[in-house]
2 protein chains.
Amino acid sequence: MEMISKSMQALLSQNSVIRAMFEEGERLRGEYGSDKVYDFSLGNPNVPAPAEVEQAIREVLAEEPSVSVHGYMNNAGFADLRTAIADSLQERFGLAYRADQLIMTTGAAAALNILLKTVLNPGDEVLTFAPYFSEYKNYVQNYGGVLRLVATDPETFLPDLDALRKAIGEKTRALILNTPNNPSGVVYSEEVLRGIQGVLAEKEREFGSCILVISDEPYRELVYDGAMVPWIPALMPHAAVVYSYSKTLSLPGERIGWLLLPDSIPEARELYAAAVIANRISGFVNAPSLIQRVLKRTLGCRADFSVYEHNRALLLRELPKMGYRLVKPEGAFYLLIQAPEGDDAAFAATLKEERILTVPCKSFACPGYVRLAYCVAETTVRNALPGFRRTAESYKAKGLL
Amino acid sequence: MEMISKSMQALLSQNSVIRAMFEEGERLRGEYGSDKVYDFSLGNPNVPAPAEVEQAIREVLAEEPSVSVHGYMNNAGFADLRTAIADSLQERFGLAYRADQLIMTTGAAAALNILLKTVLNPGDEVLTFAPYFSEYKNYVQNYGGVLRLVATDPETFLPDLDALRKAIGEKTRALILNTPNNPSGVVYSEEVLRGIQGVLAEKEREFGSCILVISDEPYRELVYDGAMVPWIPALMPHAAVVYSYSKTLSLPGERIGWLLLPDSIPEARELYAAAVIANRISGFVNAPSLIQRVLKRTLGCRADFSVYEHNRALLLRELPKMGYRLVKPEGAFYLLIQAPEGDDAAFAATLKEERILTVPCKSFACPGYVRLAYCVAETTVRNALPGFRRTAESYKAKGLL
């Protein structure tokens, strides 16, 4: 008798590749010292939470009773916090929201799982644009769904509307949008989003369907050069929003975010009630309570993103000079570099000889690129530059760059 | 097109019963004042977390760097915390454990979901003894499994071994044990557990199978009159343990617990690796980080359970005097009262006329009983007693008590 379910067996064998990469990094750190290994492989924020967060923790402990700070609440989260978030969204984006449209979740990953569990029947299709955050595939499969990837323009990584039109069929249940995008850093403009909405509306009429847009926005506040991230429910009536404070407040370990289900989604009230149940029965029960109380006091605060800005500026200035072709990111803390030989695994292996760790983007459905996560110390970027330069020169010597 | 998945539609219609009960409670509180409503319906700890928890939060903030306190870690949780828990289990129960057998989880509900996802194929059967915590059914269904209930002795609520023997078949994948039990408060002795293990071993030989025992132990420390809760992996080689600090540290909102996979389970290493992946892809990612750091400093601490002891003593003394038949609980903070007319819904409705709120136990597969959760203020118990007495007298007048 096999101990492990068939679905998990499949994931276990895939996972060994990622683990091998991680263990190789550990081996290099052990051999050369961690200051001599330039690890751009993980999207792990390296800046501290803003001082307001620790201050708020102290205030909550001093001012609020233990049984409510650490206690159960409605599975949707504390109502006063949800009201405060609804008000803040209204102030920022000009649309009215209420507490009973929001569910506090154990991070964005929980919110995505809850919503997918609430809407997917086995065999339903969910679309997303490639390149994409590869966990979406697992999240969709958790509920028997099938993730279908839709092409983007190979130069800009912006959505290909014809490809979207062709990808939508009778079984299409949802479209996951992720802007600013992981791994490309690309931000969709209002015009791009209007284009997507046009295709969705056309296809909804054709199939008599409602295609739920799931806007996954953990990088909303992380944009550069004054880039604007449009508020998607203002442009797409069937859009739900998934948010996380992991990057905004640099709290990725705390698992805190929310799911917003606007009234413009059909059956929004029932959908909300079902999603609250899904939150409970999936084992989340409720988002962690103390950090909810803290959030109530720190809405609008931001971690200091200046190190990301400096790293991005440095990479965008130096790497093209060496001959590398980049996709200029407007948001998030990721950067795609084209593999000079066209093979992402080979390019990542070559960079690893310089102890520069990156992720080959085949796993993000973006073969031919490697991803740099530049949420690292600025010295890591500076010290990695000579290695990037030597690598570029070796490619040039072979006529590949 | 329907917005909500078929599986969640079914749950949504069931849930309206629970919500109606909750809303009725709110209505009574609004009409009579909350001090005149005696709410025994929710298993929500009402004692504060021990002072050591708040002290530890302050120490963590003062002594540990923000990027690690609030940051990502291995999906299994902080290794130093897992080592400390393994050492503490070894000290308490005399068996050696390691960090890489433990996964920190977002509460016991998360641990149960992760483990069931890791082992269940669609159609697999999971057994548990009735009465039972009704969420188990949802957790098993989340992964296409079928929960089958096994009878207990109608007087003692202890397992019926013949019923267990008959219930085990080729499809039996796991048995969930919950001692101290919700809703009965019954604790299984070593002798009872050896009896269960005998049947499991016999059936494993017959079917050439491994029946995973999942020991769900949130109430382990909550026992009375010196009752002992045996360490189940010492008696059952194929047992995994699921634990929560919700009751021990009175932190139910924080969602913190663990899953232990001892080496005596076949394929334990692969099972562990798969469960870590299940933790990630289900959307938990990792147990909340600050509270993990706090737990490292508060292992061995306990909330003050004296109010539960007093409430239990008071109810066990007074209710039988009035004529009610109880199942004497040795653990947890629940008490079952037999419905004098044999109909739990009718008994709960009669008690509600005295503004005493209980849960009819049909939903726990224990018809004919109502559940009292006595994790309430002692005054709530005291002030409810006259209502219990009047209700008993009305039953006596009808010859039912």
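Colleague: What should I know before I start reading numbers?
Modeller: The model is predicted, so local features need pLDDT of at least 70 and side-chain atom pairs count only at pLDDT 80 or more, while totals for chains, interfaces and linings use all residues. Residues are numbered from 1 along each chain as its sequence is written, chains are lettered from A and ligands numbered from 1 in the order in which they are written, and side-chain values use heavy atoms, leaving out hydrogens and water.

Colleague: OK, how many salt bridges over all chains?
Modeller: The count is 64, where a salt bridge is a side-chain nitrogen of Lys or Arg within 4 Å of a carboxyl oxygen of Asp or Glu.

Colleague: Which residue does Arg293(A) pair with?
Modeller: Arg293(A) meets Asp80(A), at 2.8 Å from N to O. Arg293(A) is in helix H10 (residues 289–298) and Asp80(A) in helix H4 (residues 79–93), 213 residues apart. Helices here are DSSP runs (H or I, at least four residues) and strands likewise (E, at least two), numbered from the N terminus.

Colleague: Is Arg293(A) buried or exposed?
Modeller: Arg293(A) is buried, at 8% relative accessible area, whereas Asp80(A) is partly exposed at 30%. Buried means under 20%, exposed over 50%, and partly exposed in between (1.4 Å probe, protein chains only).

Colleague: Which residues are in a network with that pair?
Modeller: Glu59(A), Glu63(A), Glu64(A), Lys296(A) and Arg297(A) are linked with Asp80(A) and Arg293(A) in a network of salt bridges.

Colleague: Switching topic, how many residues does each chain give to the A–B contact?
Modeller: Chain A gives 75 residues and chain B gives 75, with contact meaning heavy atoms within 4.5 Å.

Colleague: What area is buried there?
Modeller: About 6300 Å², with carbon and sulfur atoms giving 57% of that. Buried area is the accessible area (1.4 Å probe) that two parts lose on being put together, summed over both.

Colleague: How many salt bridges are between chain A and chain B?
Modeller: Two. Arg280(B) and Glu135(A) meet in a salt bridge, at 2.7 Å from N to O.

Colleague: Which element gives the largest share of chain A's side?
Modeller: H9(A), with eight residues.
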